[in-house]
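Hello,

Here is the structure I promised to pass on. Please open it first, then read my notes below.

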Amino acid sequence: MALPPLVEPAASLSVDEVRRYSRHLIIPDVGMDGQKRLKNAKVLCVGAGGLGSPTLMYLAAAGVGTLGIVEFDTVDESNLQRQIIHGQSDIGRSKAESARDSVKEINPYVNVILHETRLESDNVLDIFRDYDLIVDGTDNFATRYLVNDAAVLLGKPYVWGSIYRFEGQVSVFWDEHGPNYRDLYPVPPPPGMVPSCAEGGVLGILCASIASVQATEAIKLITGIGETLLGRLMVYDALEMSYRTIKIRKDPQAEPITELIDYEEFCGTVSEEAQDAARGSTITNLELQEWKDAGKDYFLVDVREPAEFEIVSIPGATLIPKGDILSGQALSKLPQDKQIVLYCKTGVRSAEALAAVKQAGFKDAVHVQGGVIGYVKQIDPSLPEY
């Protein structure tokens, strides 16, 4: 959908800026006017991770005058496979500060504002208020609904992106002119139904493909050129190398968004069944090690996927993926004469599997809080993390 320019043009470009942006200036659709609008624009990127990294770098290179970064995490070695705004020397640093330094190296004319905090209902409106446009690169549903609802309440457009393994999605949401995120996904999926990138993985270069579309949409919105993805969902499959778009329409029956809510409760991290099952049936990695040292007889089950099991596992574990347990087809593999102990990467999937195992009659089954990552940190740091 074609839209009017989001931002008024700045008064002028300096001689140095003209030289820097010359390849934009000779494009008739952009020209001096469009570049001045980019200079005057204030764009907030939620996250400096897989999608935020290329988005920030290309918006900085394009000459967006002010870039805000919402990020509270630190750089981990596993980030470097896809989060290209960070480098080896940044491991352990604040992602926000690392991203700021990279942006300033790309373009010293960009004003960078850091928001080193977790985005919450009580701060999101204050953070969003001073920006023209939001770019959402988060990977959890609670934050996605929070970003959407805050943008709706403030009347701001935002560019949304999502990635998983070899597939990505992008759209533009602007409630005053078209659909918002809730028109596409009225309610979040059941807890545990959609794995995160940390659980399911993502092809690193996919981030660049999706983020480049997000940055392109941001530039089009700022300058008013071209047809945006407002009212359309772009779906990209890297294995097929295919792009397709799906029309999105506003839901006339949707409840109006009038306030912010508790998004963690709305989306949930684990289902109520899993919470009930885990209550009183959760052990720590230290307790598991004590059981092992004492020679206790138990059956240790890794409910992750085979590729994860190959990376690292707790010694003595048997791999039975969560999906096989939930479908019931693997329940016959569980011994009746031993206590069942389940674990996953961090404890979320094992809690979901625990609910199914208990329902199947294994009442004394337990799961391990913190999963294999907790085991590496607390018991055997020589093993790899992922």
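The protein chain splits into two parts: domain 1 covers 15-267, and domain 2 covers 272-379. Keep in mind that this is a predicted model. The centres of domain 1 and domain 2, taken over C-alpha atoms, are 36 Å apart.

Next, the interface. How many residues of each domain are in contact with the other? On the side of domain 1 there are 4, and they meet 6 residues of domain 2. Together, domain 1 and domain 2 bury about 430 Å² between them. Carbon and sulfur atoms account for 37% of that area. By class, the domain 1 side that touches domain 2 has 2 nonpolar residues, 1 polar and 1 charged.

I also looked at specific interactions across this interface. The count of salt bridges between domain 1 and domain 2 is 0.

Then the cavities. The count comes to 1 cavity of 30 Å³ or more. The largest cavity holds about 40 Å³ of space. Which residues line the largest cavity? They are Leu288, Gln289, Lys292, Tyr298, Leu300, Ile314, Pro315 and Tyr375. To find the place in the viewer, select those residues, Leu288 and Tyr375 among them. Their numbers fall in the stretch assigned to domain 2, 272-379.

Best wishes

Notes: Residues are numbered from 1 along each chain as its sequence is written. This is a predicted model: local features need pLDDT of at least 70, side-chain atom pairs count only at pLDDT 80 or more; totals for chains, interfaces and linings use all residues. Side-chain values use heavy atoms; hydrogens and water are left out. Domain bounds come from an automatic or database domain assignment. Contact means heavy atoms within 4.5 Å. Buried area is the accessible area (1.4 Å probe) that two parts lose on being put together, summed over both. A salt bridge is a side-chain nitrogen of Lys or Arg within 4 Å of a carboxyl oxygen of Asp or Glu. Ala, Val, Leu, Ile, Met, Phe, Trp, Tyr, Cys and Pro count as nonpolar, Asp, Glu, Lys and Arg as charged, and the others, Gly among them, as polar. On a 1 Å grid over the protein atoms alone, a cavity is a set of points where a 1.4 Å probe fits but cannot get out, and a pocket is an open set with protein on both sides within 12 Å along at least five of seven lines; lining residues have an atom within 4 Å of a point. Grid points are joined across faces, edges and corners, and a volume is the space filled by probe spheres set on the points.
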